[in-house]
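User: I'm new to this one. Can you walk me through it?
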Amino acid sequence: MRSELKRPVTLTARDREELLRLTVTGVRPTSSIRRARVLLALDISVGEVAPKEVIAARLGVSGEMLRLVAKRFTETGGDIHATISRKKRDLPPVPSPVTGRSRPG
């Protein structure tokens, strides 16, 4: 049974090369490397993509993570760096209910 991707990921050759290099060299946060591997596994530009369940099992992630990475890739307009990096906080730190001072973020 083939599971169709709601948001297909199409990477350029340059993006693929950069993601591959990121996953094997340098020091990066584990979450960024994991998201980079998910993008590479979901890339339809190199051929047919395996079902989501197979990709999730192979990478050791959940199907929900696959969905969220593909969604973020679409929301960022295909920017791989914005997709794999941590999101910036929208709101300022929440003031403490006791002192009224903001907690450091």
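Predicted model: local features only at pLDDT ≥ 70, side-chain atom pairs only at ≥ 80, totals over all residues.

User: What is the mean pLDDT of the protein chain?
Analyst: The mean is 84. Of the residues, 86% reach 70 or more.

User: And which elements have the lowest and highest mean pLDDT?
Analyst: Helix α5, residues 80–84, has the lowest, at 91. Helix α3, residues 52–59, has the highest, at 94.

User: Switching to packing. How is a helix pair described?
Analyst: Two packed helices are described by the angle between their axes and by the distance between those axes.

User: OK, what are the values for α1 and α2?
Analyst: Helix α1 spans residues 13–24 and helix α2 spans residues 30–42. Their axes come within 9 Å and cross at roughly 140°. That angle makes α1 oblique to α2.

User: Is the crossing left-handed or right-handed?
Analyst: The crossing of α1 and α2 is left-handed.

User: Which residues meet there?
Analyst: From α1: Arg16, Leu19, Leu20, Leu22 and Thr23. From α2: Ser32, Ile33, Ala36, Arg37, Leu39 and Leu40. By class, this contact has seven nonpolar, two polar and two charged residues.

User: New topic. Where does Arg7 lie?
Analyst: Arg7 is in the segment before α1.

User: What does Arg7 touch, beyond residues up to four places away in sequence?
Analyst: Arg7 touches Ala70, Lys71 and Thr74. Arg7 and Ala70 are 63 residues apart along the chain, yet their C-alpha atoms are separated by 6.0 Å.

Definitions and conventions:
Residues numbered from 1 in each chain as written. Heavy atoms only, no water. pLDDT = per-residue confidence, 0-100. Helix = DSSP H or I, 4+ residues; strand = E, 2+ residues; numbered from the N terminus. Axes fitted to C-alpha atoms, helices over the stretch in contact; angles between N-to-C directions. Parallel < 35°, antiparallel > 145°, perpendicular 65-115°, else oblique. Left-handed = near helix turned anticlockwise from the far one by under 90°. Contact = heavy atoms within 4.5 Å. Nonpolar A, V, L, I, M, F, W, Y, C, P; charged D, E, K, R; others polar.
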